[in-house]
Every structure is written in structure tokens, then in C-alpha cells.
Amino acid sequence: MFDYRNNLKRILNNTAGDEKSLQNSLNAIKVVLGMTGEGESTPSSNKMDAKVVAQINTFLQGITKLIERPGDKNAKSTALGALHKLTFDHDIAANFGKQLGLLDQAIQNSEETSTTVNRKIFEAALKPKKAKARDYRKGRRYTVIRALKGADLINDNGEVVFEVNEGQIHDLNLKSGDIVEALPLANSLNEAEVLRVVGYRKLRSRDYDKIDDFKYGVVQGSPGNLSVSRNIHGEKLIINHKPVIVALDSSYYQNRNIHLEDGAIVDLAWYTGDVRLKKDPASAVQVRWIYETEQPRRVSKTKKEKTKAAVSTQELAKLDMNLHYQRVGVAVGDNQNEAILEGIVNRYNGIPIPIDAFEGKKKVIENQIKDLDIVILVTAFAAHDSTWNISEFASKYNVKFAVSSSKGYQAFERALYRAENGMPAYEGSQQLEYKMLKNN
């Protein structure tokens, strides 16, 4: 490195007090300093500056995201990492060390707010679902003849060619007379897969056995002693103008994982011409379908003292809520589980009004909502466009609003409770209190 000390001494010794001499000496000192290279930035200093700028940019990105989403783990990690690297710079640490320390603590203490939780749940619910791949295979055409469980597929000669399980029937809402395209299943000799419904033809009464059904029956009792006598609307099971209690086998299961249990919701069916209906109607009834729902908890009420008339009763646990005949919009996309949800509204003395959540036209949705008292949005069935519209018009017309992210019984019931009591629209991971109705 160039040693400029002797040069500066000579310049200073020859400097007089007049203005010209001082100016000449100043110019000479500048030349000497220029020879040392101190007046220019070295490549290494430029490199350090670039690193600092990059860390500041990273830090600002992290802190911006953290402000938008308080408590977000990724944002906290990004901001803290960049902040710690900035403190390695001597000048920054010397000038802003105390402030950076306080900021470090504030970032670490950042926690999720209810608004953040609600937004995350809502965004997750609005993620577009992957459309099912359309099946372009072409099968032969058959006519559906409904059975108590499943259906037969017959050809033009009236011969039974294949069977179809109840799962397909339920998903496609097939009925006797529907014309379908179907292909045989590879791993079965007599079962077929229905590809699509292509038409309908009216059958003669002698071509098939007529069937009656009882939808959304509530299973009650204990294992080994299960029965159905009412549906979710509280309506009794009536056969031949008489109320009937149908005992169920608790060992029965559907699809190997859906079992009959206290609180299950089922569809029952029977042939109208079954001779057993006259003397023992319950024996003619079969379980057609078990709905896969979240089961509500039961409260078992038994008399402690044994008496001759000792009877143990079990009933659905009920939230402490009375809607007093308010108009409740049930926003779902199709009719699957719609009757169950409407039954819950009826149970709390509300008036259920179905809303088609797949209808994307704003004016149509606005007309459906403006005269309601409460709207419950079931996001599992709602279309992306409609979800925002429902929330918007509920706010515009001061309609009480809540979201059920699941089609389950309990999730919908709780959403109804939150809307009625002014609680958060989304449950999320929040600890919310749901008061139960005390039994008398």
C-alpha cells in the first residue's frame, strides 16, 4: 500500500496562512489521497453492499407477508433469518442494534389472529376442485330395474344381464326405467359399471316390482338393540297406515367401513307387494343406504331407581337454540344430504329455504338471499363463483351468516348455532362454546 504520511507532512510544513496557499495544499492532499485508492470503492466493498441490499429485500418480503398473515410460520422464519444476517454488518449493528433486537422479539411473538384463521379456512374451501376425468368409453345400453338394494340391468328381451351395486345407484339417483350405458366389471362375472344415463322409458307395471322407501331414518339404541321409527324430520315410519318400529342388525355394514350405530342416518326400502307387510311389516324392510355423516353425540337418560316401569330412553343431543321460525337459507350445490340439513333447521324451529350454490348468476343469488334471516353455506357443495356472492349479499342485507366446511350433521348444526348467536362465521381451530339444551 502507498505510504502517504511523509508527503502530507511536507505539504503541511509548506502551507502558509493565506487563502491561495491553503487552496493549493488542499488540492495536493486530494491528489495524494487519490493515489492511495481511498477515494474509490473497491470491488469487495461493492460486493458487501450487494449482500446487505439482498438481505434487506428478503427481510422486507418476510415482514410484509407477516403483516398480511400474522403468525405465519414461513413468514416468521424468512424475516428472522434475514434480520439475523443484517446484524452481522458492523455499521447496521452499531446504528440500529437496539431497534433490531426489539423487532426480533416482536416477530417471534407474532401469533395468528381469528381473522387470519378464518381467511385460511375460507381460501382452502375456495380452492378449485379437480374435475373428474370424463369417461369416454362406450358401453351397451340397458334398462334399470330397481331392487331393494342395487338394481338389475335388463336387455331389450327383458333378460337380466348385470347387477349394479347400491353405491352407483345412489350416486346417479337411478330409478326403474332409466336407460343407461354400462360395461362389465373386469373382476366380476355379473356386476357392471354404469357409465352414464342416456334416456328413460316408461315400464309396464308387470315389468317390475314396486318399491316404497323411508328416507333419512334416524337409528337409535345400543349395539344389539338398534331400531328406526322416525326420520330426521321427526316423522314416524308408517306402513299400511300403521306406525312401525324396524329392528336393525348392528353387524350390518356398508362398503366395509360404514357401520350401523346409534345416530346413523339410513334409507329403508320394501316391496309394496310383500305378503309379510300384513302381519309383520318390519320383517319386509331392508336398509338400503347408510349416509356417511359425522354422528351427533347422544345423551342417554336413564332412571337410577329401578321400578316396574323403568325405561331407558336415548335421544339426540340438542344445542340450546330456538330459531323461532326464522327463514334459514341452506346453500348447497345439489340435493345430496339436502334433506338432512333441512331436517336440522326444522329441528330448531326454523324454516329451511334451499339455495342453489352452483347457480353463479349474482342477481339470482341476491334474490334468494335478500329476504332471509340466516344463511348457512356448505362449502363442500358450493361453486367457486357463488361462494363470494353469497357472503357479499348476506353482508349487504344484514343476513346472519356462517360456513359449514363439512356436509356432516354436527358441522352444519354448529354453523347454525354460530350464525344465530353472532359468533365467528368459521369455526377453524378456535375454541368456541356451544351450549347444550339441558334435559328436563
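**Figure 1. The salt bridge between Glu 181 and Lys 138 in the predicted model.** The closest N and O atoms of Glu 181 and Lys 138 are 3.1 Å apart. Glu 181 belongs to strand 4 (residues 178-184), whereas Lys 138 sits in the loop between helix 6 (114-126) and strand 1 (140-146), so the pair ties together parts that are 43 residues apart in sequence. Glu 181 is buried, with a relative accessible area of 3%, while Lys 138 is exposed at 64%.

**Figure 2. The salt bridge between Arg 196 and Glu 181.** Here the closest N and O atoms are 2.5 Å apart. Arg 196 lies in strand 5 (residues 192-200) and Glu 181 in strand 4, so parts 15 residues apart in sequence are tied together. Arg 196 is partly exposed, at 25% relative accessible area. Lys 138, Arg 141, Glu 181 and Arg 196 are linked in a network of salt bridges.

**Figure 3. The salt bridge between Glu 366 and Lys 396.** Their closest N and O atoms are 3.0 Å apart. The pair links distant parts of the chain, with Glu 366 in helix 10 (residues 362-369) and Lys 396 in helix 11 (residues 384-396), 30 residues apart. Glu 366 is buried, with a relative accessible area of 9%, and Lys 396 is exposed at 52%.

**Figure 4. The largest nonpolar core.** Of its 30 residues, Leu 323, Ile 376, Phe 412 and Leu 416 touch the most other members. Helix 12 contributes the largest share of this core, 6 residues. Among the residues that Phe 412 touches are Val 330, Leu 341, Ile 344 and Ile 376.

Notes
Residues numbered from 1 in each chain as written. Predicted model: local features only at pLDDT ≥ 70, side-chain atom pairs only at ≥ 80, totals over all residues. Heavy atoms only, no water. Core = buried A, V, L, I, M, F, W, Y, C linked by side-chain atoms within 4.5 Å. Buried < 20%, exposed > 50% of the residue type's maximum accessible area, 1.4 Å probe, protein only. Helix = DSSP H or I, 4+ residues; strand = E, 2+ residues; numbered from the N terminus. Contact = heavy atoms within 4.5 Å. Salt bridge = Lys/Arg side-chain N within 4 Å of Asp/Glu carboxyl O. Lists of a residue's contacts leave out its neighbours within four places in sequence.
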